[in-house]
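Hi,

Here is the structure I promised to pass on. Have a look at it first, and then read my notes below.

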Amino acid sequence: MSYTIAVAGKGGTGKTTVAALTVLRLIAAGRKPVLAVDADPNSCLDAALGVNVTQTVGAVREEAREMAGKGLSTGISKQELLELKIHGSLVESDAFDLIAMGRCEGPGCYCYANNVLKQVIEKLADDYPTMVIDNEAGLENLSRRIVRKVDLLMMVTDPSRAGLTTVDRLHGLAVEMGLACDKLAIVINRLRNGTLPEGAEVLREKTGADVLVGLPADNELAELGEMGESLLSLRDDHPLLGVMGRLLVEVGV
C-alpha cells in the first residue's frame with residue numbers, strides 16, 4: 001500500500017493549497033507518481049495542480065446508473081461498469097495522477113459512490129508510492145473510511161482562536177471515531193506576521209501532534225488564486241514549499 005497523507009481541518013483555511021503544496025514537495029523528493037484524491041465535493045485540487053478534471057466519481061456514478069437502467073451494460077455488472085468508468089476518469093500527468101469525488105445527485109448516492117471510490121483507491125494505491133487526499137471540511141470523508149489507514153493526518157487551520165478550537169474539536173472527534181493515523185501534523189495557514197498564534201503550542205501538546213508548522217500569508221500565492229493559476233509556477237525555493245518539505249522530512253516521509 002502507498003503512504004497515505006490526508007489533509008483535513010477547518011473550512012476555508014486553505015486545505016487544498018496545503019494538499020497541492022504537499023504533492024509538489026513529494027514530486028520534488030522523487031516520490032512519484034503521486035496519487036492525488038480530491039475528496040471534496042467542491043472540487044478544485046485539479047486547478048491548483050494545473051490539470052482539468054472532466055469526469056468525477058459522482059458524475060460517472062450517475063452515468064453508470066443510467067446505462068444500467070437502460071440495459072446498455074449487457075454482460076457487465078453495474079459495479080464493474082462503475083469501476084471501469086472511475087478508472088477512466090483518472091487524470092494522468094507526468095508526475096502525478098488525480099481522481100475527484102465531485103458531486104452526486106439523488107438520495108443515498110454518496111454512500112454508494114464512496115464505497116466504490118474506496119474500492120478503486122485500494123486497487124490503485126499499490127501503483128503509487130504516495131497518496132494525498134484533499135478532504136472536505138471536517139472529518140466526514142475519513143469517517144466513511146475511504147482509506148483503511150492514514151499514515152499522516154494534516155489538520156489545517158487559520159491563526160484564529162476559532163480555528164484552533166475547531167482543530168481541537170476535530171481531533172477529539174477523530175479519537176472518538178477511532179480514526180487511526182501514525183503521525184499528526186497541525187498546519188496553521190496564512191500567518192500575517194510569521195509568528196504562531198497564542199495557544200498553538202498548547203494545542204500541539206493537547207493533541208499530541210508530531211509536528212506543528214506555520215505557513216505565512218503569501219502575496220504570490222494569493223495572486224495565483226485570484227488569476228485561477230496553478231501552483232506549478234512556484235519556484236523550487238519558494239518559502240511555502242520549503243516549510244512543507246521540512247514537515248515531510250520531520251515525519252519521515
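This is a predicted model: local features need pLDDT of at least 70, side-chain atom pairs count only at pLDDT 80 or more; totals for chains, interfaces and linings use all residues.

Before the notes, one term: contact here means heavy atoms within 4.5 Å. Helices (H or I, at least four residues) and strands (E, at least two) are DSSP runs, numbered from the N terminus.

Residues are numbered from 1 along each chain as its sequence is written, and side-chain values use heavy atoms, with hydrogens and water left out.

Two strands count as paired if DSSP finds at least two bridges between them. Strand 1 (residues 3-9) runs parallel to strand 5 (residues 130-135), with 5 bridges joining them, and valine 7 stands opposite aspartate 134 of strand 5. Strand 1 also pairs with strand 6 in the parallel sense, over 5 bridges; there, glycine 9 has valine 156 of strand 6 as its bridge partner. Strand 6 is joined to strand 7 by 7 bridges, again parallel.

How much of strand 6 is buried? Buried means under 20% relative accessible area and exposed over 50%, with partly exposed in between (1.4 Å probe, protein chains only). For strand 6 it is 8 of the 8 residues, so the strand is largely enclosed by the rest of the structure.

Now the helices. Helix 7 has 17 residues and spans 24 Å from its first C-alpha to its last, close to the 24 Å expected at 1.5 Å a residue (the expected span is 1.5 Å times one less than the number of residues). Its buried residues include Leu164, Val167 and Ala174. Looking down the axis, the buried residues of helix 7 fall within an arc of 155°, so they line one face of the helix; the arc is that of the directions from the helix axis to the C-beta atoms. Arg161, Val175 and Glu176 are exposed on the face turned away from that buried side. Among what covers the buried residues of helix 7 are strand 1, strand 6, strand 7 and helix 8.

In helix 8 (residues 200-207), Ala200, Leu203 and Thr207 are buried. They fall within an arc of 60° seen down the axis, so they line one face of helix 8. Val202, Glu205 and Lys206 are exposed on the other side.

Last, the cores. A nonpolar core is a set of buried Ala, Val, Leu, Ile, Met, Phe, Trp, Tyr and Cys residues joined through side-chain atoms within 4.5 Å. The largest one has 43 residues, and Leu152 and Leu247 are among those with the most contacts inside it. Helix 1 (residues 15-28) gives the most to this core, 8 residues. Apart from it lies another core of 37 residues, including Ala174, Ala200 and Leu203.

Cheers
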